[in-house]
Amino acid sequence: MQGPRADSPYYPPRERWYSRFWYPWYALKRKLHLVAVTDGFGLPLYKLLLGLTLPGLSWLWYGRPLFSLLTIASYCLFTITFLIWIGYPVSAISLAILMSIHTSSILYMNRRLTPDVELWKRIAWSLVVFALVSLLIYQPLRQQVERRWFMPLRIGERVLVIKTSVSPSLVKRGDWVAYRINTSQGYRTRVDEGYGTGEILAVAGDKISFQANDFSVNDVLRPRRSYMPAKGNLVVAEGSWFIWPDVTISGHGEVGADMTENAMTALAMVPKSNFIGVLFHRWWWRKQTPA
């Protein structure tokens with residue numbers, strides 16, 4: 001009894017059952033002339049796209065695995081440095097190095113395609129590619145990260161990392177949050193636009209009472225904060241939090257205590273629409289709760 005016969009070397013292999021699903025892709029490549037584009041690089045399309053998006057792979061595709069490994073390791077190291085010190089100058093330097101590594105990886109593939117280009121044209125093209133990498137990849141990526149996950153916020157001399165993925169509906173009394181401060185103008189008082197952080201002392205509907213040495217939230221006493229009124233009562237409005245601001249008071253001319261206390265009390269009513277995010281308790285090894 002004979003076993004199964006091997007495919008004849010005189011005939012091509014049969015088409016696989018899943019080949020039909022690739023017909024639209026083949027038609028698109030012919031329509032856009034993608035095959036002609038990738039032929040100059042000597043790479044299939046998927047390797048070309050990976051080489052453009054993942055720094056270091058271009059050296060691997062062209063037979064330099066050690067240099068590719070060192071490039072990828074350096075990229076990972078500077079990525080970690082960027083994340084640890086985000087908001088500080090060393091983070092900005094690390095980001096510039098990351099973009100440079102990515103640019104050099106792309107330029108290496110381009111050099112394989114055009115090896116005889118004049119030096120000044122190569123320098124000009126390098127600057128163009130660096131600008132495109134920055135504007136089309138890193139800047140949009142950084143904006144998305146800050147909008148959806150975390151962002152650095154400089155408060156005075158400190159940099160605090162804010163978790164921006166939290167919904168304001170999940171924030172409760174006692175949480176430390178970051179928020180925007182809107183510009184406001186009163187009689188002999190002015191508050192400039194900026195950012196603030198603080199503990200949510202009371203939420204919508206809570207009753208606050210001020211005394212000379214303390215204040216209370218729903219009859220629970222707490223230590224008095226700087227510039228708080230010595231007397232009075234209020235109820236936190238719907239859609240707002242009560243966060244006593246940690247700010248420095250400065251002014252020109254006579255600014256009475258009543259005007260200062262009124263301005264601070266108004267500033268303490270923070271609309272939920274000004275919410276940015278909550279503070280991480282720690283960012284790597286650094287404690288994040290403001291002093």
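**Group meeting: cores, a sheet and one threonine**

Let's start with Ile86. Leaving aside neighbours within four places in sequence, Ile86 is in contact with Ser91, Phe150, Pro152, Val159, Val161 and Trp283. Contact here means heavy atoms within 4.5 Å.

A word on the model. It is predicted, so local features need pLDDT of at least 70 and side-chain atom pairs count only at pLDDT 80 or more, while totals for chains, interfaces and linings use all residues. Numbering runs from 1 along each chain as its sequence is written, and side-chain values use heavy atoms, with hydrogens and water left out.

Now, the cores. A nonpolar core is a set of buried Ala, Val, Leu, Ile, Met, Phe, Trp, Tyr and Cys residues joined through side-chain atoms within 4.5 Å. Buried means under 20% relative accessible area, exposed over 50%, and partly exposed in between, with a 1.4 Å probe and protein chains only.

Which members of the largest nonpolar core touch the most other members? Ile86, Tyr138 and Phe150, out of 16 residues. Helix 5 (65–84), helix 6 (89–113) and helix 7 (119–148) each supply at least two residues of this core. Helix 6 gives the largest share, six residues. There is also a second, separate core of 13 residues. Leu201, Phe210, Val236 and Met264 are among them.

How are those elements defined? Helices (H or I, at least four residues) and strands (E, at least two) are DSSP runs, numbered from the N terminus.

Five strands form an open sheet in the order 1-2-14-3-6, with antiparallel pairing. Two strands pair if DSSP finds at least two bridges between them. At the edges are strand 1 (150–155) and strand 6 (194–199), and each pairs on one side only.

Look at strand 1. Six bridges join strand 1 to strand 2 (residues 158–163), and the two run antiparallel. Phe150 has Lys163 in strand 2 as its bridge partner. The hairpin of these strands has two residues between the strands, and there Gly156 takes a positive phi near 65°.

Further along, strand 3 (residues 176–181) and strand 14 (residues 275–279) run antiparallel, joined by three bridges. Val177 stands opposite Val278 in strand 14.

Last stop: Thr265. Helix 8 (residues 257–268) holds Thr265. Is Thr265 buried or exposed? Its relative accessible area is 15%, so Thr265 is buried. Not counting residues up to four places away in sequence, Thr265 touches Pro229, Leu234 and Trp244.
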